[in-house]
2 protein chains.
Amino acid sequence: MASTKPIFIAVIGAGGVGKCFLSQLRDLAVRRPSPKLSLCYIATSRKALYNDDYSSINLENAIDTLANSSKTPQSLPDLVDYLTKAPGKAIIVDNTSSQDVADAYPTVLKAGVSVVTPNKKAFSGSYKLWQDIFQASAASGAKVYHESSVGAGLPVISTLKDLVETGDEVTKIEGVFSGTMSFLFNSFAPTSGGGGKWSDEVKKAKELGYTEPDPRDDLNGLDVARKLTILARLAGLPVESPTSFPVESLIPKELESCSSGDEFLEKLPAFDQHMDEKKASAGDKVLRFVGSIDVATKSVKVGLQTFELSHPIAALKGSDNIISFYTKRYGSNALIVQGAGAGGDVTAMGVTADLIKVIGQIAQ
Amino acid sequence: MASTKPIFIAVIGAGGVGKCFLSQLRDLAVRRPSPKLSLCYIATSRKALYNDDYSSINLENAIDTLANSSKTPQSLPDLVDYLTKAPGKAIIVDNTSSQDVADAYPTVLKAGVSVVTPNKKAFSGSYKLWQDIFQASAASGAKVYHESSVGAGLPVISTLKDLVETGDEVTKIEGVFSGTMSFLFNSFAPTSGGGGKWSDEVKKAKELGYTEPDPRDDLNGLDVARKLTILARLAGLPVESPTSFPVESLIPKELESCSSGDEFLEKLPAFDQHMDEKKASAGDKVLRFVGSIDVATKSVKVGLQTFELSHPIAALKGSDNIISFYTKRYGSNALIVQGAGAGGDVTAMGVTADLIKVIGQIAQ
């Protein structure tokens, strides 16, 4: 049963994840010739590339051609209009972290265009936007997949959806959801004891590219809070926003107003003693920065916790993520998913896997 | 976009997994009214229940009604004929472990009827059968999903398929694939040292229901070999059969000919010393029964291995499974999935999740 109609794909964003995705899309189009995948639109915030006849942009050199393009991006309403007129089903792949693009999902989906994205903003913003997105999808039949919005390519969203959709009762979700925090605490408070100074570890993590340009964007806990918001909502809790539950920031109050990440890093050593005290007070346990969702008590929180050395969270290595799902069916031993939760290739993998799933459902 | 045509479901097998599945199907039909799910056929090896007009069997009391039915099962060709004439797409859910049913999958799929199953036999039998199944599926467009054939409801098959389909290069798969073996070695050779006598642990496992009626059916390693065969094939190795690679049996040669499981258990203590020596020779490491696939060297093997205490396999608890995927994208830290890999409810969960995925693709 070869599908005959091509699938039209519009890609927004060509940064780290976007570039990896385009490379995976190129290979996918070769491996799976049917249905034909037509990359009919690609854009960054400044440039765009598209053909009025919906013919495919050459996937071999899309990034280079885009760099030399004289076209500017279409407005989102114009892009939706363009895609709904394509001679087949269309999918927008949003590889940005833009709130503006996220805000347009309900309109996109309502028009019958599916969405695949690692962008957390749509699913961790206001609860109203979350509801609008899934109502629009249900009404039009267009799909919305976002595996890489939590734990990059790790099977986190898909596993939670399978648990919920098959009628299991999720009681608790707990884990390390940030590669940066994982790396920092595995170095600062290793299970073997010892570990460096907190400020040194933050500097090292930045040098290795494990933090955002300003490390405070990791240390404020908001990235973890966004991921917890998404998982809590999938588990059935109507969480209002990522700031509607307790999130422990690891930025000392006095350094919140630093004008730059560099100034912050310069002044951070003065607060090492505070983190050393936290580490010492953990005693035989280890200190980790985790997120947890208790479904029964509707409690979501992000912050420091201590764990026995035999706990799976203590056994984590490098910058890996770990996510434990406690459910009625799985009992006292959780269903655990663990591995790299950041990086261009593994994030793009989650996007490509989602794209394959959406194609399987909308191909005609 | 409400789907209008109903989906027709035929269930073969009403044992432990089958009963749990029917209960999940009943809840699913209530939660997701569209497309309508019509249970038009259900059978054990002796009895069957179906309506000539394809109307749905009442899901509230299907098992009881089946027990009182005077109808006998249709032959598989007759069942296929019945389903292809249904007024909508059909799915066979094979909750048996029957080789006969598995052998019919190519015919079923060729006729356009999809298959969802936890039955390992079809995917771990001859390589010819494997090829016939996937060729038939590709030709007709009918789907075949079998998540629960490895690790029950754990996301193992789906994760491996995502890795392969998005173009990652799987280099190694390693893990504990048997709940029975996991329980036995976590008790016999705990990471904390000590542990009981081997024969006592086998007896205890049997009493707790963790083994097959004859424990030799677990100890021969064939169940693990079947799972490894499936994963190796998905990773691209054309493994001929589960007996075409080295499998270490934990049944002493002298006890292979025992006429019953009870006789085996009676005579097993005489061989405890052998297992004690194995345990002692592990030194600082722990002894575990694992399966591994090395894709580059095309080597698949099942048997005893020793692991450092810090290795994720050593940290396993109870009767949990653990599966580590090493790939080019994930680098030296594996993508790990862990949790209960046996039990009616979690096995049925994998079947129900697969069913939802197939419905999403075939609904019209």
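In chain A, the side chains of A:E201 and A:K204 form a salt bridge at 3.3 Å, N to O, the term denoting a side-chain nitrogen of Lys or Arg within 4 Å of a carboxyl oxygen of Asp or Glu. Both A:E201 and A:K204 belong to helix α10 (residues 198-207) of chain A, where they stand 3 residues apart, about one turn of the helix. Helices (H or I, at least four residues) and strands (E, at least two) are DSSP runs numbered from the N terminus. Over all chains, the structure holds 28 salt bridges.

The model is predicted, so that local features need pLDDT of at least 70 and side-chain atom pairs count only at pLDDT 80 or more, whereas totals for chains, interfaces and linings use all residues. Residues are numbered from 1 along each chain as its sequence is written, chains are lettered from A and ligands numbered from 1 in the order in which they are written, and side-chain values use heavy atoms, with hydrogens and water left out.

The same surface serves both copies, as 100% of the contact residues of chain B recur in chain A. Contact (heavy atoms within 4.5 Å) involves 42 residues of chain B and 42 residues of chain A. About 3,300 Å² is buried between the two chains, with carbon and sulfur atoms giving 53%; buried area is the accessible area (1.4 Å probe) that two parts lose on being put together, summed over both. The interface of chain B and chain A contains 4 salt bridges. A salt bridge also links the side chains of B:R32 and A:E165 (4.0 Å, N to O).

Several backbone features were identified in loops. The peptide bond between A:S34 and A:P35 is cis, with omega about -5°, and A:P35 lies in the loop between α1 and β2 (37-43) of chain A. In chain B, a cis peptide bond with omega near -5° leads from B:S34 to B:P35, the latter in the loop between α1 (16-31) and β2 (37-43). Most residues other than glycine have a negative phi, and most peptide bonds are trans. B:Y54, not a glycine, has a positive phi of about 65° and is found in the loop between β3 (48-50) and α2 (62-67) of chain B.
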